[in-house]
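Open the model in a viewer and follow the stops below in order. Each one says what to select and what is found there.

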Amino acid sequence: MSGHSEGFPKKHIVGFLGSMVLTIAAAWAAVGSGLPTPWIIASIMVMAVIQAGIQLFMFMHMTETESGGIQVGNMLHAFFIAAIIIAGSIWTMSFGYAHNHDDGGSGEMEMENHQDMEE
Amino acid sequence: MSAESDLTTGPLEYRSHEDRMTILGFWIFLGAEIALFSTLFATYAVMFGRTAKAPSPAELFELPMVLIMTFLLLTSSFTCGIAIHEMRRGSLKGLLTWLAVTLLLGLGFLGFEIYEFVHYAHEGATLPSSAFWSSFFVLTGTHGLHVLLGISWASLLIVQLRRRGLTQVTSRKMFVVGLYWHFLDVIWIFIFTSVYLIGMVV
């Protein structure tokens, strides 16, 4: 057991400042950077994963006790499952999007915009 | 440290084997929570853009409000970490003070979220408005309910901490509540990024 329970909470303060910087950087990347959209999405997702790591390692003491390895492995497994569920769902449902059915597909938003302009 | 033995040194919450196993069990629960939220994120991603006749997210999302909510929850996660730090220093007063700050920030977050939902409803975006808004409100609403549950849980624990002080059992309970609270911020980071920021970009 490491002796970080005494004194100044350096790890927490470093983690907090890091999180704030990453939050502001992600917001700027999204609305102020003018980067191509895929680059924006990739960069802000990377910053989100780093922030999650700050929470897990610096705030939640994930590696403590003899269960630390199990806890880290369990979190990696959970994020792996989450990535497959989310990416797999997007991939599966991406087929047929191009057909623009009249029941509310991605084409309908464009039609809405045209209507707005006509009004 | 051998796995089965009880300890006489180190943080109170890790002293008994049973408490260490409880904390490990809570980590496994958090893994299941991540899987649960991933299904809501997946639904949201699939429904993205399917706003039907309701306003689009780009019309309604406002960065200043989202940043305020993010900083409230982020700061509360930090103060919760400080509360655990104080607990490990043996300071009940420090723990209760920082935990109270944490819960006030959490209440502030909830207040903004409720205001946000009401505002969207006035603009014509409610749960039944469209597939997109259904998935949006279910995802963010489930997170908001978790925050509400965390506040209630920690409030009850404050009563117990005041009555019993810092024992192995109350320390373990507090540590588990702390894990839960940090976890809420982990989920929010991904809501902030993949719902609000991407919603404003795409």
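Start with the boundary between the two chains of this predicted model. Between chain A and chain B, 7 residue pairs are in polar contact, counting pairs with both residues at pLDDT 80 or more.

Next, color the side of chain A that touches chain B by secondary structure. The elements giving two or more residues to this side are helix 1 (10-31), helix 2 (37-59), helix 3 (68-94) and helix 4 (106-118) of chain A. Helix 3 of chain A supplies the largest share, 13 residues.

Now show both chains together. Here 56 residues of chain A are in contact with 57 residues of chain B. The two chains bury about 4900 Å² between them, with 76% of that area on carbon and sulfur atoms.

Which side chains meet in a salt bridge? Select Arg20(B) and Glu66(A): their side chains form one, at 3.4 Å from N to O. The rule finds 2 salt bridges across the interface of chain A and chain B.

Move to chain B and select residues 92-122, which make up helix 4. This helix of 31 residues reaches 45 Å from its first C-alpha to its last, close to the 45 Å expected at 1.5 Å a residue. Zoom in on its start, where a side-chain oxygen of Ser91(B) comes to within 2.9 Å of the backbone nitrogen of Gly94(B). Then go to the other end: just after helix 4 of chain B, Gly124(B) has a positive phi of about 95°.

Technical notes: Residues are numbered from 1 along each chain as its sequence is written. Chains are lettered from A and ligands numbered from 1 in the order in which they are written. This is a predicted model: local features need pLDDT of at least 70, side-chain atom pairs count only at pLDDT 80 or more; totals for chains, interfaces and linings use all residues. Side-chain values use heavy atoms; hydrogens and water are left out. Helices (H or I, at least four residues) and strands (E, at least two) are DSSP runs, numbered from the N terminus. The expected span of a helix is 1.5 Å times one less than its number of residues. A polar contact is a pair of N or O atoms within 3.5 Å; within protein, one must be able to donate a hydrogen and the other to accept it, and residues adjacent in sequence count only if both atoms are side-chain atoms. Contact means heavy atoms within 4.5 Å. Buried area is the accessible area (1.4 Å probe) that two parts lose on being put together, summed over both. A salt bridge is a side-chain nitrogen of Lys or Arg within 4 Å of a carboxyl oxygen of Asp or Glu.
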